[in-house]
Amino acid sequence: MNIRKIVAVGLGVGVVAVFALAAANWLSAPLDKALRARFFARRADFERLVAMANEDSHLDRIAPDFIGPEDGFAQRKDVGITEERWNEYRQLFHATGVSTGIKKDINPSRIFFPIDSRGLVPTGAAKGFVYSQAPLSPVLKSLDKSPPDKLYDGPDRSHALVYKPIEDHWYIYYEEW
């Protein structure tokens, strides 16, 4: 076998592997129905997390093991919240199943609560909840299947972020990269 055939076979296997990983990410994500049930069972805890995150507006990432101030990541030291406050976040993360913590975006203002996240760059996916005072789009009726191709963006059309409304300012989100 010559070198061109070996390279071609290797590239073909690589492309198939990337698509298989993307499909596996989508297939293993929790169903909308299960997420909706979780949300309503723990809604008060999710609402408390939103209130806390809004009070701690200088933080854009709060996780069980680190906190991200707007100007960069830091360990617990000197980020403007007490150990007791951080422990309250941790207790709420555990109660809601948000094991990796929350992430805040500015434009539009959103708070993400990932429930299931898997994969690595260049392929990965996350599904969970998002809170936003402003309406979010694109909105789909179901996030139980991969979004339509037309909703992927980025230079290589490998990123999609879609929403399904739950109630009020709450959505289920699905993100794939």
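Student: Which element gives the largest share of the lining of the largest cavity?

Tutor: First, the general idea. Rolling a probe the size of a water molecule over the atoms shows where empty space is left. Now this structure, which is a predicted model. β6 gives the largest share of that lining, with three residues.

Student: Which elements each supply at least two residues of the lining of the largest cavity?

Tutor: They are α2 (32-41) and β6 (160-167). The residues that line the largest cavity are Asp32, Arg36, Lys164, Pro165, Ile166 and Ile172.

Student: What volume does the largest cavity have?

Tutor: About 30 Å³. The count of cavities of 30 Å³ or more comes to one.

Student: How does the lining of the largest cavity divide by class?

Tutor: Three residues are nonpolar and three are charged. No polar residue takes part.

Student: Now the pockets. How much space lies in the second largest pocket?

Tutor: A pocket is an open set of points, whereas in a cavity the probe cannot get out. The second largest pocket holds about 220 Å³ of space.

Student: What classes make up the lining of the second largest pocket?

Tutor: Seven residues are nonpolar, five are charged and three are polar.

Technical notes
Residues are numbered from 1 along each chain as its sequence is written. This is a predicted model: local features need pLDDT of at least 70, side-chain atom pairs count only at pLDDT 80 or more; totals for chains, interfaces and linings use all residues. Side-chain values use heavy atoms; hydrogens and water are left out. On a 1 Å grid over the protein atoms alone, a cavity is a set of points where a 1.4 Å probe fits but cannot get out, and a pocket is an open set with protein on both sides within 12 Å along at least five of seven lines; lining residues have an atom within 4 Å of a point. Grid points are joined across faces, edges and corners, and a volume is the space filled by probe spheres set on the points. Ala, Val, Leu, Ile, Met, Phe, Trp, Tyr, Cys and Pro count as nonpolar, Asp, Glu, Lys and Arg as charged, and the others, Gly among them, as polar. Helices (H or I, at least four residues) and strands (E, at least two) are DSSP runs, numbered from the N terminus.
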